[in-house]
Amino acid sequence: MTNRTQETPIAVSHTDPDLADEARGLAAQMGLPLDNPAANTPTLLLTLTPDRLELRQTGKGAEGPLFVDFIGGAIEYRRKQTTSRKEAIARAVGLKGGARPVVLDITAGLGRDSFILASLGCTVQMVERSSVVAALLADALERAKEEPGLAEIMSRLSLIVGDSLNILSDWQGEHPEVICIDPMYPHRSKSALVKKEMRLIRLLVGGDEDSDQLLAAALAIATRRVVVKRPRLAPSLLGPEPNFTISGKNSRFDVYLV
Ligand SMILES: C[S@@+](CC[C@H](N)C(=O)[O-])C[C@H]1O[C@@H](n2cnc3c(N)ncnc32)[C@H](O)[C@@H]1O
């Protein structure tokens, strides 16, 4: 399951001889080749290290490794400092008082928005269609589950690998109260405003050119609201006008009440 509009060559590699079998298994599972140092190294490597799974860019001017981490670094600081009032996404989702809506995040990406919502008490199911992005995310979820201080938050977070359009059109069971959408913005300039991580993800998934369809599909399933994250000055997704907008630091949240 992948949606690579630009086919960037990618292979699986490992940093430690002990990880060779695991790397072979991962490559087979994902339908990717194993890196062959004797041949041309591809642009991207999905690399198993003793600590985690990383996405590495190769060649001149390569971006540093990309991995997902819910335990330390910036996300730990944000989790510890934040409140539902401070987080624009929490206000957009309708998190206030005792309300902790059940959220479906249909463009999971690196899972940061979902993790923040789960740490504020929401139950969040994520969907990601790029098998490589989903592998990085699944690896971080596994590591975070082992962290005693995060166990409760992680019990509220889950991941489905698949295309949200298919999953929504075939939705079974209880409907989520809120659906969040944060597609890749389809501009291709190497702007300094586009974070390094998103530049690497763009190499994998392209520009999510089909994101307008996600809004209509989400509006048919959510029971309370659909929240779309956009760059601050970007147009809204095609479809109905948002009922209101909440501005965050670098982005804005268009809120559609159902
Ligand atoms: C901008 S990133 C999301 C970042 C995320 N909000 C975060 O906090 O890390 C967009 C992601 O949505 C995924 N995506 C786009 N369309 C999708 C679809 N129809 N189904 C599932 N995933 C999709 C892309 O593969 C990409 O990984």
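**Entry 1. Ser 130**

I began with Ser 130, which counts as buried because its relative accessibility is 2%. By buried I mean under 20% relative accessible area, with exposed over 50% and partly exposed in between (1.4 Å probe, protein chains only). I note that this is a predicted model, where local features need pLDDT of at least 70, side-chain atom pairs count only at pLDDT 80 or more, and totals for chains, interfaces and linings use all residues. Residues are numbered from 1 along each chain as its sequence is written, and side-chain values use heavy atoms, with hydrogens and water left out.

Where does Ser 130 lie? I found Ser 130 in the loop between strand 5 (123–128) and helix 5 (131–145). Helices (H or I, at least four residues) and strands (E, at least two) are DSSP runs, numbered from the N terminus.

I then looked at the side chain of Ser 130. One of its polar atoms lies 3.1 Å from the backbone nitrogen of Val 133. A polar contact is a pair of N or O atoms within 3.5 Å; within protein, one must be able to donate a hydrogen and the other to accept it, and residues adjacent in sequence count only if both atoms are side-chain atoms.

**Entry 2. Helix 5**

I followed the chain into helix 5. How many of its 15 residues are buried? I count 12, so the helix is mostly covered by the definition above. Among the buried ones are Val 132, Val 133, Leu 136, Leu 137 and Leu 141. Two charged residues, Asp 139 and Arg 143, are on the buried list as well.

I checked the length of helix 5 too. Its end C-alpha atoms are 21 Å apart, which agrees with the 21 Å that its 15 residues should span at 1.5 Å a residue. The expected span is 1.5 Å times one less than the number of residues.

**Entry 3. The ligand**

Next I turned to the ligand. Which of the 21 residues around it come nearest? They are Leu 110, Asp 113, Glu 128, Ser 164 and Asp 182. A residue is near a molecule if one of its heavy atoms lies within 4 Å of it.

I sorted this shell by residue type. It divides into 9 nonpolar, 5 polar and 7 charged residues. Here Ala, Val, Leu, Ile, Met, Phe, Trp, Tyr, Cys and Pro count as nonpolar, Asp, Glu, Lys and Arg as charged, and the others, Gly among them, as polar. Helix 4 (112–119), strand 5 and helix 8 (196–205) each supply at least two residues of the shell.

I listed contacts to nitrogen atoms of the ligand. A side-chain N or O atom of Asp 113 is 2.8 Å from one. A side-chain N or O atom of Asp 163 is 3.0 Å from one. Arg 129 places a backbone N or O atom 3.2 Å from one. The protein covers 98% of the 610 Å² of accessible area that the ligand has on its own. Such areas come from the Shrake-Rupley method with a 1.4 Å probe; for residues, only the protein chains shown count as cover.

I went back to Asp 113, which is found in helix 4. Asp 113 counts as buried, at 14% relative accessibility. Its side chain also makes a polar contact of 3.0 Å with the side chain of Lys 229.

**Entry 4. Cysteines**

I looked for disulfides (a pair of cysteine sulfur atoms within 2.5 Å). A search of the whole structure finds 0. Cys 180 is in no disulfide either. Cys 122 is buried at 0% relative accessibility, and Cys 180 is buried at 6%.

**Entry 5. Other places**

I looked up Leu 55 in strand 3 (residues 53–57). Leu 55 is buried, with a relative accessible area of 0%. Its C-alpha atom is separated by 9.3 Å from that of Ile 201, 146 residues apart along the chain.

Ile 179 is in strand 7 (residues 178–181). Ile 179 is buried at 0% relative accessibility.

Is Asp 21 buried or exposed? Asp 21, in helix 1 (residues 20–30), counts as exposed at 56% relative accessibility. The C-alpha atoms of Asp 21 and Glu 76 are separated by 32 Å.
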